[in-house]
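Please study the sequence and the model before reading each solution.

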Amino acid sequence: MPIHKYIDLRSDTVTLPTDEMLEAIRHAKLGDDVYREDPTVNKLEEMAAAKMGKEAALLVTSGTQANLVSLVSNTQRGQLVILESESHMYWYEVGGISTIAGLLPWPVKSQYGVFEPEQIDAAVRPKDIHFPEPALVCVENSHNRHGGTVVTPAQLQAIHEAANRHYLKLYMDGARIFNAAIALKVDVKELTRHVDNLMFCLSKGLGCPVGSVVVGSNEFIEKARKVRKVLGGGMRQAGIIAAAGIVALEKMVSRLQDDHENAKRLAEAIAKIKGIQVDLKRVQTNMVLLNTSGLKVDDKFVLSKLKEKGVLVSMMGKHTLRMVTHLGIERAHVEAAINAVTLTADEINECVFT
Ligand code: TLP
């Protein structure tokens, strides 16, 4: 576990590389990737494209850079992008969609992370001198702020059809796409075939230290490569990143099932605690959202009480805490975290209600 003193459930971004990854990094064949001469990067990109059923792929530094590169490569400045109102691109990417890509985000609300196709029809307004041109629809799978909920192949197909009706492209922030595929028990290609292009992260549940991959057509990736360069993301001996990515794609996908089972156990136990609510319908992958409004105290107080007991969680909004299971979190950690939440709630309930 990253910070050994704590059971760190803040995010699956805190995972550390496995010994096998470190060995692969040590022995990676390297070259200058801006010249396309790093054999390890080339291998990872070929593997990623094949796995996702697309023509080409591009290694980038982070999920945020992947989304930005993709936004710029799919659009022209001044256009409109339809996305889910709780999406990572809208909430957590420092507004790069507007400040750097020059786009107008058009947020659409949903209950579990994916909007209905009719909402795309409604968001696309008639051609009019007053309106920006719509260009792109984005989906997120699994959906972070909705608690790791998944978008099914059927939902993606319906959204793709709606996007096509309006000549819009469909992009997927698939930071955790393998979590979605494992939860839905489908090959990941079932989730990629209805999108024009997508990105996925190596550095979350798959355990790599750095890196995300953008995937799409040859033409799209060629453009993305140039956009990555202008954003300062052209890397040189990036094989040291790609080497871990290859291990991740070969070895780390199936174990995500353990994270999902651990999240389910956490969620079911915590749902029974007085003052905390968990919407179990949202617990589909490796996240658990805790609604702590029933404890009637400040979230920071709950957070600090949990920390005192050795458990780190993150804050997702007023009275919403998030726990994420990942590589390094074993069943014993899950049971210890349940105890810590139970004790914390007991202490708070005693003070508030006596
Ligand atoms: N998410 C992080 C934080 O930024 C909130 C987390 O802890 O969950 N898309 C999705 C769906 C993500 O969840 C994230 C990271 C990103 C993109 C950005 O990836 P990075 O952190 O590599 O830039």
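Phenylalanine 178 and phenylalanine 200 are both buried, that is, under 20% relative accessible area with a 1.4 Å probe and protein chains only, where over 50% is exposed and values in between are partly exposed. This is a predicted model, in which local features need pLDDT of at least 70, side-chain atom pairs count only at pLDDT 80 or more, and totals for chains, interfaces and linings use all residues. Residues are numbered from 1 along each chain as its sequence is written, and side-chain values use heavy atoms, without hydrogens and water.

**Exercise 1.** Describe the aromatic pair of phenylalanine 178 and phenylalanine 200.

Step 1: Rings of Phe, Tyr and Trp (its six-membered ring) pair if their centres lie within 6.5 Å; planes under 30 degrees apart are stacked, over 60 edge-to-face, and the rest tilted.

Step 2: The centres of these two rings are 5.6 Å apart and the planes stand at 85°, so the pair is edge-to-face.

**Exercise 2.** Identify the residues with the most contacts inside the largest nonpolar core.

Step 1: Such a core is a set of buried Ala, Val, Leu, Ile, Met, Phe, Trp, Tyr and Cys residues joined through side-chain atoms within 4.5 Å.

Step 2: The largest one has 55 residues, and Leu59, Ile82, Phe178 and Phe200 have the most contacts inside it.

**Exercise 3.** State how far the ligand lies from threonine 64.

Step 1: A side-chain N or O atom of threonine 64 is 2.6 Å from an oxygen atom of the ligand.

Step 2: For glycine 63, a backbone N or O atom lies 2.8 Å from a ligand oxygen.

Terms used: A polar contact is a pair of N or O atoms within 3.5 Å; within protein, one must be able to donate a hydrogen and the other to accept it, and residues adjacent in sequence count only if both atoms are side-chain atoms.
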